[in-house]
Amino acid sequence: MFNPIKRFKIEFYVGALVLVGIALLFYASLRLMKYSPNTKNSYSLYALFDNATGLKVGSAVSVAGIRIGEITDIELAGSQAKVSLSIYNKYVVYSNATAAVASIGILGDKYIKLTTGDATYSKLKSGGEIRHVFSTADIDSLIYSATNILQDMHKVSQSLYQIIASQKGHQRIDNLLDNVEALTGNLNQVLKMSRENLQPTLLKLYSIVNNMDGILDKNKENISDSVANFARISKSVRITLEENQAAISDTIKNLDTLVAILAEQTPELADNVNSILADNRENLQQMLDQIKQASKNLNGAMSNINDITGDVKNGQGTVGKLLTDDVTVEKLNKVLDEVDTAINPVNRLQFDVSFDSVYLMSTELWKSQINVRIQPARDHFYEVGFVQSPNSNFIKKMIPRQDDSGKIVPTPTWEAERDYSFNLMIAQRYFDTQIKIGLKEGKVGASLAQFFGKNDAFNVKLSLWDLSREDLPPQMEFNTQYVFLHNFYMNAGMDDILNGHRDTNGKLARSFYVGLGIRFTEDYLKSILGLALTTAGTQ
């Protein structure tokens, strides 16, 4: 029998719940309009760069590979790019801090590489400027420099070609080759004549090498100190080169001018060389003898160097132990892994898996789903899921019932069918508000969620989908979620809010629900997978 009071109560409850949802959405909109990201627990700084190519809002600000903030704004200030930074309060930046545009790998994303400076300097307050800014070379500037070098090389090659291609140049080259051939013939004659005298010399060299081995063994520590001194000298040379870069550039320009002059005077120089070779044949013979003696000494020195490198390869001495000690190598690998782990999260694809199940109080059935979230960016992700719902489909049936007058008349009733469906949603987050659009339980729909509390511990969500159900209103769901114990969360809400029909058993389709869920992040999944592989390996 139709009960108007009971129906009024149901409609009143439904209307009140919808009004509550609208009020929450209105509050979320007001909060969104007044929201300012990262201002409660951070302070702002800025830096002026000549080139901010590749930087974007949300890019990381890192010190020694550790993220201490992010870029909040990039705008033009005169002819420079003004990059605004949001720095977490727990990190202090001093007035002598430095900033540079760096990249992850060769073609990776750009970020701000920062040094916090010296504590003896004053602290930068909110709104302060980082004045020590370093520019980095981009691909275009490198290509431009390489093009200039290739053009200079082309000019030099053209000059050489003009010198060599002429008939006079060919003649001079032939003369030089004839002189070289005669010179090598003389060398062969000298070597044949001196072969008997080389044997005693080689024996003496062998004894010298043995003596050198003993000297090296006794003076390994001194050699190590010499290597360390050489490293310090090379560092000093590098610093000197950096400080005198302008003078070196001027010297290189002077050398270019000298090369051009030599290219013009090469024919005359070739004639002079020929005359000098002809007039000084005896002196050249003596010089060759000296070169031969120097080559013998050089062979002995190379043999000693081979012995030293062999000791290093076998792990002897300080350098050898450094290169072959397993503990040292393991520590170096560990440091490299930690650096890679600290930088990679700036540009890493993240994902997590969640599973939850809720109990529908009205139908006394369970609704379960599993979802995989793929998140390529901080505020944007995709969600793919599998849903098992007890009331996904309502089938309209005509069942004969007896009315008040005793007649048997066909009465429309509904029967809920348990079905399996899937989710395929695209989500975008704006500050504390999240919007999802796509397929929910196999039907086109959307949802709007608002997050509250530290680490988004609490959120409220309103979903609407399946707008074309036959003789039924669209499906609407109101959900509240609370995250506890980091991985676990609790759900509570109402399913199919607008559907006031009952099934063949008299149970209302609209139903309150409560339930629990668990979420595994990428790091937890890696830990579980590593533990499983380790256990399988031990078995």
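Colleague: Between which two strands is the loop in which Asp496 lies?

Modeller: Please keep in mind throughout that this is a predicted model. One of the two strands covers residues 488-495 and the other covers residues 511-520. Asp496 lies in the loop between them, that is, between β17 and β18.

Colleague: Is Asp496 buried or exposed, and what is its phi?

Modeller: A residue counts as buried when its relative accessible area is under 20%, and Asp496, at 0% relative accessibility, is therefore buried. In general, most residues other than glycine have a negative phi. Asp496 is not a glycine, yet its phi is positive, at about 55 degrees.

Colleague: Ala64 also has a positive phi; where does Ala64 lie, and is it buried or exposed?

Modeller: Ala64 is not a glycine either, and its positive phi is about 55 degrees. Its place is the loop between β2 and β3. Exposed means over 50% relative accessible area, so Ala64, with a relative accessible area of 76%, is exposed.

Colleague: Which residues touch the most other members of the largest nonpolar core, and which elements give two or more residues to this core?

Modeller: The largest nonpolar core has 22 residues, and those that touch the most other members are Val61, Leu85, Ile87, Val93, Ile112, Leu114 and Ile130. The elements that give two or more residues to this core are β1 (42-49), β2 (60-63), β3 (66-77), β4 (80-88), β5 (98-103) and β6 (110-115).

Colleague: Which residues does Val93 touch, not counting residues up to four places away in sequence?

Modeller: Val93 is among the residues that touch the most other members of the largest nonpolar core. With residues up to four places away in sequence not counted, Val93 touches Tyr43, Leu45, Ile87, Leu114, Thr116, Lys123 and Leu124.

Colleague: How many residues are in the second, separate core?

Modeller: This core includes Val14 and Leu17, and Met476 and Phe478 also belong to it. The second core, which is separate, has seven residues.

Colleague: What is the volume of the largest cavity, and which element gives the most residues to its lining?

Modeller: The count comes to one cavity of 30 Å³ or more, and the largest cavity has a volume of about 70 Å³. Its lining residues include Gly21, Leu24, Leu25, Ala28, Gln450, Lys461 and Phe478, and the lining divides into eight nonpolar residues, two polar and one charged. The elements that give two or more residues to this lining are α1 (4-33), β14 (443-452) and β15 (458-465). With four residues, the element that gives the most is α1.

Colleague: Lys436 has a charged side chain; is Lys436 buried or exposed, and with which residue does its side chain make a polar contact?

Modeller: Lys436 lies in strand β13, which covers residues 433-440, and at 7% relative accessibility it counts as buried. Leaving aside neighbours within four places in sequence, Lys436 is in contact with residues including Phe381, Met425, Ile426 and Ser447. A polar contact of 3.0 Å joins the side chain of Lys436 to that of Glu383.

Colleague: What is the separation between the C-alpha atoms of Arg373 and Met425?

Modeller: Arg373 is found in strand β10, residues 365-377, and at 21% relative accessibility it counts as partly exposed. Leaving aside its neighbours within four places in sequence, Arg373 is in contact with Gln350, Phe351, Asp352, Phe381 and Tyr382. Arg373 and Met425 are 52 residues apart along the chain, and their C-alpha atoms are separated by 9.5 Å.

Colleague: Finally, what percentage of the residues in the chain is buried?

Modeller: The chain has ten helices and 18 strands. Among its contacts between residues at least 6 apart in sequence, 52% join residues at least 24 apart. Of the 539 residues in the chain, the buried ones make up 24%.

Methods: Residues numbered from 1 in each chain as written. Predicted model: local features only at pLDDT ≥ 70, side-chain atom pairs only at ≥ 80, totals over all residues. Heavy atoms only, no water. Core = buried A, V, L, I, M, F, W, Y, C linked by side-chain atoms within 4.5 Å. Buried < 20%, exposed > 50% of the residue type's maximum accessible area, 1.4 Å probe, protein only. Contact = heavy atoms within 4.5 Å. Polar contact = N/O pair within 3.5 Å; in protein donor to acceptor, adjacent residues only side chain to side chain. 1 Å grid on protein atoms, 1.4 Å probe; cavity = no way out; pocket = protein on both sides within 12 Å on 5 of 7 lines; lining within 4 Å. Points joined across faces, edges and corners; volume = space filled by probe spheres on them. Nonpolar A, V, L, I, M, F, W, Y, C, P; charged D, E, K, R; others polar.
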